[in-house]
Each structure stands twice: as structure tokens, then as C-alpha cells.
Amino acid sequence: MKNPDVGSSSRKKRRRDDEGETGNSSHAETEDQCLPLENNLTFSDTSVALRMMRAQFPRMNQASIQPFILQSQLYSSVNDRTQVDRELESLRREKVVRIFKLNTGQDDHAIMFLDDYLNQVDHIVKRMEEKKQNGIEVFEWFKMHVLDSKLEPSIGHHELFSLLSLGGRVKEEHITLLINAGLLTRQLIDPDMYWFAIPSIGRLLKGLSQGRKELLSILKRKKHKEMFLSELEKKQLRWSPLDMRFHLRDLIGSGHLKTIQTTSGLVVRVSRD
């Protein structure tokens, strides 16, 4: 039988290591945020790209949203997609990151560092404690027994119930609480299956879709459907809380935009494929 203390202690150790790393590199990360995208568009490996993009995640007033990275953004930042898939799978199995399927109508996946995700769960519990909500013990069961052993983006009702039962006596109300908190969403095709989800992400997903359309529209209005990256990066998007850099990485990685190196700088052009 798996000792829950082992998983818990390893997570704590990893969190301490990450906190130490973050503390030592906070000044560097501030500098990274100021760097033009052209100067840090590509990286040597997936882990470096993830940490850089985490540091560059748009700062918003919503404290409940932890930084996340789109898989498409990784494809724009590391030249070899096979390398990205292989290294991302390794990070997932090592419980460094979690991968979430998004409901934006495309094959979109978000990546979040596990410690950030656990912090987000803790934030939910704190709010519910303040409201004296019943049944919040399920969140500890969810972290310890479900997230620690189920690494895939989805889970069946029976398996979810079984894993939660390792923590205590589970009721359907407990699962409803997880759904209402935004940690699980039912799959439309199979109601007995759930997607793991990022709480409070709805507004950002709406902004993601609108920002994609707005950025493509800006370029399509240009004579050759292109702009210098340095010029485009300075533009403000009206319909997305996510910044221009976030959307540029996404659309380059998904193939909607392509970059061309010229003697005057990097040009971003709408793909004609």
C-alpha cells in the first residue's frame, strides 16, 4: 500500500526547492518580463521554456489564477515538437506539471506546475473555510489520493470515488463540491467521465478566443498580412486580459502565424496554408 506521507514529503521538498529557485531568480524573472519577445522567442528545452513563460505570465488582479502555459506556446518556443512531447510527458510523470484539456473548441491543452495547482486548491479551501462550508475535507483527499496517483487529464466516476475513499467516507455531495469549485468538469460525451480543470479559468478562456481573433484581424488588415514582431508586440489587445506576447506564442505554435527572419528584424505573417 502506498504511504501518503512519502508523496506528501516529496511534494514539500520539491516545493521548497522551487521556492528557493524562485527566490534566487526573482530579479532575473523581472528582467525576463522586460525582454523583447524577439530576444527570447526560442529555448533549448521544454523545462526552460515552461519556467520562462511562467515568469512572463500576464499579471492580473485575479489572485485565484495561477500561471499556466499553452502546449501550442511550447511548440513555438522549442523547435522540435517531438522533443516537446517527450519532455512534457517526462515532466508529467515526474509530477512536476499537470496537463489540462481546455474547452475552447480546439485541441488546446494548458500546462500548470503542480505546486501552483496545489496552491490554487488551497486558495479555494481557504475561501470555503471562511464561509464555513461543509465537506471541505474532500479537497485534502483530492490532493493526496487523486492528484498524486491519477496523472492523466481525465478520470472516471468509479475511479474518482474509489481514490477519494482512501481519505474517508465519500458522498456524492463531495464530488459535487469538487465540480462546483471548478476542479472537475463532466465530459459531454460520457457523463461518467470527468476532465480535471483549472478553477476560475473561464474568463481567461473567453479572452483567449477573442484575443486570437483580434490578433489575426490586426494582421489581416495589413497589406501583406504581416508586421515586424517588435512593432506588433507593442500593440494592446482590447478584448483579452492576456497580453500580446501570450497570444503571439500561441498562434505561432499552432501554425496560424509564422515568423520570417529579415535583415531588419523578425516578421510575423499570417500563414497562407
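Reader: At what angle do helix α5 and helix α6 pack, and which word describes how they run?

Author: Happy to start there: in this predicted model, helix α5 (residues 114–130) and helix α6 (residues 137–147) have axes 10 Å apart and pack at an angle of about 160 degrees. Angles run from 0 to 180 degrees between N-to-C directions, and those over 145 count as roughly antiparallel. The two helices are therefore roughly antiparallel.

Reader: Which residues of α6 make the contact with α5?

Author: Contact here means heavy atoms within 4.5 Å. From α5 come Y117, L118, V121, D122, I124, V125 and M128. Their partners on α6 are F139, K143 and L147.

Reader: What kind of aromatic pair do F68 and F246 form?

Author: Ring centres must lie within 6.5 Å to pair, with planes under 30 degrees apart called stacked, over 60 edge-to-face and the rest tilted. For F68 and F246 the centres are 5.9 Å apart and the planes 80 degrees apart. That makes the pair edge-to-face.

Reader: How many residues apart in sequence are the parts that this F68 and F246 pair ties together?

Author: F68 lies in the loop between α2 (46–55) and β1 (69–70), while F246 lies in helix α11 (residues 244–253). The pair therefore ties together parts separated in sequence by 178 residues.

Reader: Is F68 buried or exposed?

Author: Buried means under 20% relative accessible area, and exposed over 50% (1.4 Å probe, protein chains only). F68 has 2% relative accessibility, so F68 counts as buried.

Reader: What should I know about numbering and confidence?

Author: Residues are numbered from 1 along each chain as its sequence is written, and side-chain values use heavy atoms, leaving out hydrogens and water. Local features need pLDDT of at least 70, side-chain atom pairs count only at pLDDT 80 or more, and totals for chains, interfaces and linings use all residues.

Note on methods:
Helices (H or I, at least four residues) and strands (E, at least two) are DSSP runs, numbered from the N terminus. Angles under 35 degrees count as roughly parallel, over 145 as roughly antiparallel, 65 to 115 as roughly perpendicular and the rest as oblique. Rings of Phe, Tyr and Trp (its six-membered ring) pair if their centres lie within 6.5 Å; planes under 30 degrees apart count as stacked, over 60 as edge-to-face and the rest as tilted.
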